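Here are my notes on the model, as numbered points. Please read them with the structure open.

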Amino acid sequence: MTGWARLGLGIAGIVFACVGAASAPAQAKDTLTLGMVLEPPGLDPTAGAAAAIREIVYANVFEGLTRIDGEGHVGPGLAASWTMSPDGKTYRFALRPQVTFHDGTPFDCGIVKFSLDRARAPDSTNAQKEIFEPIAAIDCPAPEVAVITLKRPDADFLYGLGWGDAVMVAPQSAAQNQTNPVGTGPFRFTRWVKGDHVELARFPGYWGQAARLSMVTFKFIADPAAAASALLAGDIDAFSNFPAPEILPQLRADSRFSVVVGATEGKTLLALNDARKPFDDIRVRRALAYAIDRHALVTATMSGAARIIGSHYTPNDPGFIDLAGTYPYDPARAKALLAEAGVAPGTRFTLALPPPPYARRGGEVIAAMLQEVGLSVDLVPMEWATWLDQVFKRSDFDMTIIAHTEPRDLAIYAREHYYFNYHNAAFQSLFARYRETTEPAAGIDLLQQMQRQLATDEPNVFLYVLPKIGVWNAHLHGLWVNDPIPANDVTGVYWGN
Amino acid sequence: MIPYLGGRLVTLAVTLFAAAAAVFLILDVLPGDPAALILGVNARPDTLAALHHAMGLDRPAAWRFLAWLGGMLAGDFGDSFTYHVPIAGLIADRVGVSLPLALLAIALSTAIAIPTGVFAAAQRGKSADTLAMATAQIGVAVPNFWLGLLLILVFSVKLAWLPASGFPGWAGGLWPGLRALLLPAVALALPQAAILARVTRSAMLETMGEDYMRTALAKGLSRATALWRHAVPNALIPVVTILGLQFSFLLAGTIIIENVFTLPGLGRLVFQAIAGRDLIVVQDLVVLLAGSVIVVNFLVDIAYVLIDPRLRARGGP
């Protein structure tokens with residue numbers, strides 16, 4: 001044997017020894033590694049709209065006055081309770097005592113005033129400034145009492161305060177929250193390895209029920225195939241929103257995993273440019289709705305795991321009514337309506353497709369379905385940045401596929417300028433009345449009228465609710481089934497046997 | 001040698017400036033507003049304007065270009081829009097993944113390709129040669145991302161020897177880091193090795209037909225000694241040329257492979273930064289990557305001189 005060959009064997013021996021040593025048996029676990037598709041741009045939920053920010057910090061690191069739970073209900077957060085004046089314009093919040101930030105800063109009404117004033121300031125870069133727009137003043141009669149006065153009643157105010165955009169931040173740390181978030185939650189931020197993962201550790205000084213996990217790692221895996229293999233190889237304990245629905249049958253058959261399909265707030269639409277011919281004609285919009293077999297679409301793109309909708313509203317939301325049957329699949333009727341509206345067979349349209357698989361895969365299926373009723377569709381794939389600029393900002397498009405992930409966002413149909421250009425005075429007055437309602441039953445009635453109005457006008461073709469496909473280790477408990485707001489609330493997560 | 005080096009440095013500076021100006025112009029024309037990407041679909045116009053101001057995007061393009069260029073010259077790479085940290089540190093972390101990966105891939109591919117090529121040439125026309133070249137042909141045809149997925153399926157999912165994705169960092173020691181880079185390096189190296197082996201073989205065949213080989217054999221050297229002492233050194237010039245070219249392809253290849261293996265390297269940073277319109281990061285990276293390709297070409301030129309004494313006598317290539 002030559003010296004080189006011996007060296008080679010020696011190296012091989014070391015390699016195998018190390019490989020063997022690395023697979024030591026696991027101990028009783030109190031840590032969690034959670035997979036996410038996208039890495040967040042910064043970790044401050046008050047300075048960016050990305051869902052990925054909230055999927056790390058919401059409820060875990062940062063808390064607001066109110067808190068939205070896994071069922072979408074608004075409950076107490078840092079405010080233990082509150083009262084509303086009869087005119088719906090004044091809220092009096094009783095703040096929790098003995099709350100401190102991770103750096104030791106005490107939480108009191110001064111923090112509430114600072115946080116909300118910062119969010120509504122002229123130079124604020126809060127992505128949901130609308131939440132704070134009704135606020136007229138914030139007063140601190142005592143350190144543990146906050147009084148918020150509104151310019152007008154706002155039916156969604158307490159709900160809005162539960163969003164990630166309205167969390168409490170401290171003056172000393174607010175500017176650094178993008179890279180070093182400091183909140184009041186049961187987990188504190190420890191490390192961010194850019195491009196790879198974020199780590200949180202249990203905060204011993206938490207005011208409420210301590211977290212059962214000692215450490216949580218959020219690991220970023222963008223590629224669906226890589227996500228699947230990381231899960232199968234055990235590198236990751238859970239994916240709360242798994243990006244590869246096509247391998248669900250395989251995962252369901254694997255006893256190591258729980259597969260839990262819930263719903264997000266993502267209303268997936270074939271959005272239409274209502275200002276552009278022929279989409280300004282209600283017959284054409286209805287024809288498109290009849291032409292699309294939404295069950296086949298969901299089977300082809302989401303492995304069947306999605307709920308069909310008929311309006312811009314999801315079953316998680318209050319006052320939901322099922323309008324999915326408004327325009328059943330009926331290609332003959334679609335053709336008749338198109339002919340009636342004077343749309344000649346063979347007319348070409350473009351369909352803009354942003355990057356997510358629901359759009360790219362869905363686009364091909366929808367193009368084929370529209371082909372069936374005589375329309376030709378040019379698919380135009382685009383990056384997010386291009387989509388936001390061309391479709392969203394400049395409204396230069398025929399059709400696009402997009403999931404609106406903001407919860408309870410009927411407001412966009414009442415806006416003067418919005419990319420799909422829906423204008424209906426009847427809807428706008430319904431919305432104006434809803435916004436100022438303080439009586440719950442009347443509010444629900446108006447919400448239902450708005451859903452019906454949209455289903456009748458069909459400004460966009462309403463397709464389905466984007467599913468939340470949760471896949472996690474079968475011994476893991478306490479992760480959210482649904483996504484009523486973007487979050488991975490791991491405060492109640494634990495390992496069973 | 002000095003004027004030669006000086007000329008090279010001027011070329012380097014001009015190329016880098018051209019690359020910087022080109023990428024700035026392209027990004028400026030490209031639709032997409034980084035502030036709109038950050039604030040999403042519910043943002044109000046005044047919020048967008050406030051963020052534009054905070055990011056400096058309300059200034060004229062020429063001002064931004066010169067400010068960035070001035071910063072680069074002073075050693076300040078700027079701050080990332082998405083990560084909110086200085087870009088120099090961001091890139092340094094990523095180089096710590098991509099450079100070892102590229103070096104490992106080149107080392108692997110050379111270690112496989114050159115012996116295979118020499119062996120195939122020596123065995124020309126025999127079944128060993130046919131087998132080696134047929135394997136290489138397959139290697140050329142296989143895309144590296146597909147090979148990467150295959151390696152993950154076999155070594156991570158089935159055998160559970162190596163991690164499927166991610167990178168633990170070098171802080172935990174050399175071996176955990178190398179372990180994470182092994183599969184991606186193999187996925188990058190094998191297709192490159194296949195090309196390199198074919199080039200080595202044909203370069204060897206050419207030199208083996210030269211007169212000096214016949215002379216070497218005539219003066220009594222064994223076939224193996226003649227091969228290693230005379231044929232291989234002469235065959236190295238085209239091999240080094242291809243290696244230099246492969247380095248550029250390797251940089252492109254890491255963009256795909258780092259996504260397949262979810263490695264936080266430069267390739268993935270480029271990809272993310274373009275999608276997220278993290279403009280200054282893209283600009284910095286293009287300049288860095290263009291610079292490294294130029295530097296590698298320069299090293300290849302130096303390698304020619306080292307390998308071939310005839311070039312040394314002429315005073316540089």
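1. A:Arg394 is partly exposed, with a relative accessible area of 49%. Here buried means under 20% relative accessible area, exposed over 50%, and partly exposed in between (1.4 Å probe, protein chains only). A:Arg394 makes a salt bridge with A:Asp389, and the closest N and O atoms are 3.2 Å apart. A salt bridge is a side-chain nitrogen of Lys or Arg within 4 Å of a carboxyl oxygen of Asp or Glu. A:Asp389 counts as buried, at 13% relative accessibility.

2. On conventions: this is a predicted model, in which local features need pLDDT of at least 70 and side-chain atom pairs count only at pLDDT 80 or more, while totals for chains, interfaces and linings use all residues. Residues are numbered from 1 along each chain as its sequence is written, chains are lettered from A and ligands numbered from 1 in the order in which they are written, and side-chain values use heavy atoms, with hydrogens and water left out.

3. Over all chains there are 29 salt bridges. Another of them pairs A:Arg276 with A:Asp396, with closest N and O atoms 3.0 Å apart. A:Arg276 sits in the loop between β12 (257-272) and α7 (282-291) of chain A and A:Asp396 in the loop between α11 and β16 (399-404) of chain A, so the bridge ties together parts that are 120 residues apart in sequence. Helices (H or I, at least four residues) and strands (E, at least two) are DSSP runs, numbered from the N terminus. Both ends are partly exposed: A:Arg276 has a relative accessible area of 28%, and A:Asp396 is at 31% relative accessibility.

4. Between chain A and chain B the count is three salt bridges. In one, B:Arg277 meets A:Glu383 (3.0 Å, N to O). In another, B:Asp46 pairs with A:Lys129, the closest N and O atoms being 3.1 Å apart. B:Asp46 lies in helix α3 (residues 45-55) of chain B and A:Lys129 in the loop between α3 and β6 of chain A, so this pair joins two chains. B:Asp46 is partly exposed at 31% relative accessibility, whereas A:Lys129 is buried at 6% relative accessible area. A network of salt bridges links A:Lys129, A:Glu130, B:Arg44 and B:Asp46.

5. How much area is buried between chain A and chain B? About 3700 Å², of which carbon and sulfur atoms give 61%; buried area is the accessible area (1.4 Å probe) that two parts lose on being put together, summed over both. The contact (heavy atoms within 4.5 Å) takes 52 residues from chain A and 42 residues from chain B.

6. A:Ser229 lies in helix α5 (residues 224-232) of chain A and is buried, with a relative accessible area of 7%. Leaving aside neighbours within four places in sequence, A:Ser229 is in contact with B:Ile152, B:Val157 and B:Ala164. A polar atom of the A:Ser229 side chain is 3.2 Å from the backbone oxygen of A:Ala226.

7. The count of disulfides (a pair of cysteine sulfur atoms within 2.5 Å) is one over all chains. That disulfide joins A:Cys109 to A:Cys140, S to S 2.0 Å. The link of A:Cys109 and A:Cys140 is left-handed, with -80° about the S-S bond. A:Cys109 is in helix α3 (residues 109-120) and A:Cys140 in strand β6 (residues 135-142) of chain A, 31 residues apart. A:Cys109 is buried at 1% relative accessible area; A:Cys140 is partly exposed at 36%.

Technical notes:
A polar contact is a pair of N or O atoms within 3.5 Å; within protein, one must be able to donate a hydrogen and the other to accept it, and residues adjacent in sequence count only if both atoms are side-chain atoms.
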